[in-house]
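Work through the exercises below with the sequence and the model at hand. Each task is followed by its solution.

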Amino acid sequence: MSTSMPLYKQTEVGAIPEDWCVAQIGDLEPFVTSGSRGWAAYYSEHGSPFIRITNLSRECVYPDLKDLRYVNVATNDSEAARTQLRDGDILISITADIGIVGLVTGKLPKPAYINQHIALVRFDAAETDSRFVSYFLASETSQKLFRALTDSGAKAGMNLTTVQQTRIAFPPTKAEQEAIAEALSDADALIESLEQLVTKKRHLKRGAMQELLTGRTRLSGFRGDWKIARLDELGTWKGGMTPSMQNSSYWHIGTIPWISSGDVKSVLLTTTGFSITAAAIKQGTTTLLPANSIVVVTRSGILRKYLPIAMNMIPMAINQDIKALIPNDQVISSYLLHTLIGHGDEILARCMKAGTTVESIEFPWMKAFTIPLPPLSEQTAIAAVLSDMDAEIVDLESQLAKARSIKQGMMNKLLTGKIRLI
């Protein structure tokens with residue numbers, strides 16, 4: 001591999017090596033079409049896959065096949081024949097969120113079809129590597145051009161003429177196209193394997209929680225009865241407040257992390273975007289939590305999807321959309337954290353306040369919510385098992401983030417010729 005390029009030239013798609021060329025998609029004489037309207041009559045629970053924009057992603061050129069819709073249509077139908085997909089076809093979203101790219105591979109069962117919001121581009125495989133083109137169209141260079149179309153002030157959308165006018169930078173040989181595409185495909189394969197492993201570990205942890213936190217499965221050496229306890233029996237509940245933004249003495253060079261509902265994105269909280277001063281605590285304008293308190297978001301639009309629950313690893317202050325439970329000596333904080341996370345859906349089902357414009361938890365119901373509680377020694381052991389599983393998931397997620405970052409760097413270098421593989 002050579003990492004030095006002596007000569008570059010400036011083109012419509014940026015600086016590229018002297019021996020690369022720029023062409024419009026239409027210059028390569030591909031077959032270009034889009035899906036047809038009127039597919040609603042063919043929708044079915046089973047049948048042929050029907051690809052929509054929701055199956056395409058900016059994270060990966062390979063379509064997401066987990067949430068497929070299906071159609072039943074005769075293969076000799078003229079519209080079906082025109083829009084039937086083949087391996088190597090490139091898909092581009094042309095309405096609403098335009099410029100999302102997908103590549104059809106053997107993983108998609110055939111026959112398969114697309115709707116009217118997606119364009120299909122089919123190259124001569126002997127001349128052009130469709131994987132290379134897919135990655136180029138998904139790169140930042142092409143995405144800037146797609147965003148320019150969206151930001152032009154007109155209704156967001158592309159027609160097939162615009163698709164054919166889209167420019168691509170090519171290396172001089174198909175062999176180099178293939179080498180670049182292979183390297184990026186390998187990076188995507190690694191990312192996919194890590195994603196699958198993370199999903200598997202999450203499922204395993206969910207199963208372990210269902211067994212261990214209900215007592216259906218006991219860890220070795222533990223016997224004896226559990227009890228049922230209300231949450232308000234297990235500690236002191238506190239509500240948050242927001243110090244006045246007009247008082248600089250509360251916020252200037254703050255040293256105490258202050259969290260709002262949007263900051264509760266991880267189950268272990270360490271730092272946040274805002275911090276307050278000791279004066280805000282002293283004046284009673286907010287609530288300071290000791291480390292290892294349990295934080296629950298009780299008012300937020302996110303409650304439509306799930307209940308954010310976390311444990312603060314260092315002292316923090318909270319705003320008015322959050323309640324916190326400071327555990328007493330009956331319960332281990334990490335055990336309580338895992339238990340409430342495991343019961344999150346049930347808490348929402350039982351405690352959500354009805355008839356409000358912003359979803360919120362009925363706090364008296366939350367305090368009265370009950371959980372199974374083993375002796376302290378068993379709580380500690382259960383929490384240790386689940387925390388070890390959490391640590392493994394966090395490590396895998398870190399590997400996944402690194403793999404995605406490396407792939408992005410590879411795209412930036414390989415698709416601009418800054419690094420040459422041949």
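**Exercise 1.** Is Asn 292 buried, partly exposed or exposed? Where is Asn 292 found, and what is its phi?

Solution. Start with accessibility: the relative accessible area of Asn 292 is 34%, so the residue is partly exposed. The cut-offs are under 20% relative accessible area for buried and over 50% for exposed, with partly exposed in between (1.4 Å probe, protein chains only). Next, the place: Asn 292 is in the loop between strand E18 (287–289) and E19. Last, the backbone: phi is near 70 degrees, a positive value in a residue other than glycine.

The model is predicted: local features need pLDDT of at least 70 and side-chain atom pairs count only at pLDDT 80 or more, while totals for chains, interfaces and linings use all residues. Residues are numbered from 1 along each chain as its sequence is written, and side-chain values use heavy atoms, with hydrogens and water left out.

**Exercise 2.** Give the class of exposure of Glu 29, its place and its phi.

Solution. Glu 29 has 71% relative accessibility and therefore counts as exposed. Glu 29 sits in the loop between strand E3 (21–24) and strand E4 (31–34). Its phi is positive, about 55 degrees, although Glu 29 is not a glycine.

**Exercise 3.** Describe the packing of H2 on H5.

Solution. Helices (H or I, at least four residues) and strands (E, at least two) are DSSP runs, numbered from the N terminus. First, the geometry: the axes of helix H2 (residues 130–138) and helix H5 (residues 174–212) come within 8 Å and cross at roughly 65 degrees. H2 is therefore roughly perpendicular to H5, a term for angles of 65 to 115 degrees. Axes are lines fitted to C-alpha atoms, for helices over the stretch in contact, and angles run from 0 to 180 degrees between N-to-C directions. Second, the hand: H2 passes H5 in a left-handed crossing, meaning that the near helix is turned anticlockwise from the far one by less than a right angle. Third, the contact (heavy atoms within 4.5 Å): H2 contributes Arg 131, Phe 132 and Tyr 135, and the H5 residues include Ile 180, Leu 184 and Asp 188.

**Exercise 4.** At what angle do the axes of H8 and H11 cross, and which residues make the contact?

Solution. Helix H8 (residues 333–342) and helix H11 (residues 376–414) have axes that come within 8 Å and cross at roughly 65 degrees. The crossing of H8 and H11 is left-handed. Ser 334, Tyr 335 and His 338 of H8 meet Gln 379, Ile 382, Ala 383, Leu 386, Ser 387 and Asp 390 of H11.

**Exercise 5.** What is the strand order of the open sheet of five strands, and which are the edge strands?

Solution. The order is E14-E22-E19-E20-E16, with mixed pairing; two strands pair if DSSP finds at least two bridges between them. At the edges are strand E14 (235–239) and strand E16 (268–269), each pairing on one side only. E14 runs antiparallel to strand E22 (residues 322–327), and five bridges join them. Gly 235 stands opposite Pro 327 in E22. H8 packs on the sheet and touches E16, strand E19 (294–297), strand E20 (309–312) and E22. The direction of H8 makes about 165 degrees with that of E20.

**Exercise 6.** Which peptide bond is cis?

Solution. The bond from Lys 110 to Pro 111 is cis, with omega near 0 degrees. Pro 111 is in the loop between strand E9 (101–103) and E10.

Key: Angles under 35 degrees count as roughly parallel, over 145 as roughly antiparallel, 65 to 115 as roughly perpendicular and the rest as oblique.
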